[in-house]
Amino acid sequence: MKVTLERNHLLKSLSHVHRVVERRNTYPILANVLFKASDDHVELRATDLDIEVTESVPAMVSTPGTTTVPAHTLYEIVRKLADGAEVRLETDGGENMVLTSGRSRFNLACLSPDSFPDLKSGAFAHEFDVPAASLRELIERTQFAISNEETRYYLNGIYFHAVDNSQSGSLFRAVATDGHRMARAEIAAPEGAKGMSGIIVPKKTVGEVQKLLDGIDGDVHVEVSDTKIRFTVGPVVLLSKLIEGTFPDYDRVTPKNNEKQMLVDRGAFAVAVDRVSTIASDRGGKAVKLSAHDGLLELSVTNPDHGTASEELAVDFDIDAFEIGFNARYLLDIIGQIRSESAVFLFNDANSPTLVKEEGEANALYVLMPMRV
């Protein structure tokens, strides 16, 4: 193989594919990126056996060929080359690749491409295009609520599915929960996604897709089967296994009869929660108490080791008095997703889940479990 590439093009592609490569691998081949040179391009591919990322980069191909080289090492080399430099890659069919650029020369150990795994995609039952901005919003509004608890593996991702709504028509919905809080966001269902049953996209895949969507306009092509999902974002193709399992019935835990409504300034509320939680104890779950009375909301924290803190805010509340406790970090995570100037809290009682949403028509809502304080 003998090819010449522009350093910036190669670096951009390597930045996409090398991220899926785990630094510690049981199989040496999984630490490598596959290079396949033909015609006027080089195809790069990397995998961790759960995710596979493929991208083509323009190149001058003097001699076609295929090999694999250490992904992270190659990325670091190319990253440190001069901006706009010309990069030449050459193999003699043996166990080495020579990389030259200007006066720099590197000799990299290769592994045979024969044993490089191929994540077979199979047939896809659903295929559709979704605006990159819409997919990015679905991920951003729900990703924080993904569970990290490995024993409940079916919560280690975002649950995507299509739903029929009598008022809004067919919707494409994303849901994530860790059992303490739940995030739900939705958009109008793209053609091809209607009728799609639920799939759970793993957290790592969600993170990689989010990075690929950064700064991207236009549409993303999505293909879904019972076991895999494939995203095509410009020249990048990401294929991932889905989490096998049953996502809980989130609709059953979504409050339906929370009639005690409180309107609070989102920015002022977030600052106040952050301030009083400074002394909150991690041992106590970072608990903050909300007490509403006479048009005021008092936020208070009690820590036996460090003392107490309290702050008051003016709120619009439709009952005389109410108290409830929350984990401050969970509360801040949810408030950080609210886009309107005011956040709407809907309560039932101090022991029931609370609903949080934006003022007006909102395509996202959040559920937060209370704490004893």
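## Exposure and the model

A residue is called buried when its relative accessible area is under 20%, exposed when that value is over 50%, and partly exposed in between, with a 1.4 Å probe and protein chains only. By this rule K2, at 37% relative accessibility, counts as partly exposed.

This is a predicted model, in which local features need pLDDT of at least 70 and side-chain atom pairs count only at pLDDT 80 or more, while totals for chains, interfaces and linings use all residues. Residues are numbered from 1 along each chain as its sequence is written, and side-chain values use heavy atoms, with hydrogens and water left out.

## Domains and their contact

The domain assignment, whose bounds come from an automatic or database source, divides the protein chain into domain 1 (2-109), domain 2 (126-252) and domain 3 (260-368). The centres of domain 2 and domain 3, taken over C-alpha atoms, are separated by 28 Å. Their contact (heavy atoms within 4.5 Å) takes 12 residues from domain 2 and 13 residues from domain 3.

About 1200 Å² is buried between domain 2 and domain 3, and carbon and sulfur atoms give 46% of this area; buried area is the accessible area (1.4 Å probe) that two parts lose on being put together, summed over both.

## Salt bridges

Side chains of opposite charge can pair when their charged atoms come close. A salt bridge is counted here when a side-chain nitrogen of Lys or Arg is within 4 Å of a carboxyl oxygen of Asp or Glu. Across the interface of domain 2 and domain 3 the rule finds 3 salt bridges, whereas a search of the whole structure finds 23.

K2 and E90 form a salt bridge through their side chains, at 3.8 Å from N to O. Because K2 lies in strand 1 (residues 2-6) and E90 in strand 7 (residues 86-91), this pair ties together parts that are 88 residues apart in sequence; strands (E, at least two residues) and helices (H or I, at least four) are DSSP runs, numbered from the N terminus. E90 is partly exposed, with a relative accessible area of 40%.

E76 is partly exposed at 28% relative accessibility, and R79 is partly exposed with a relative accessible area of 38%.
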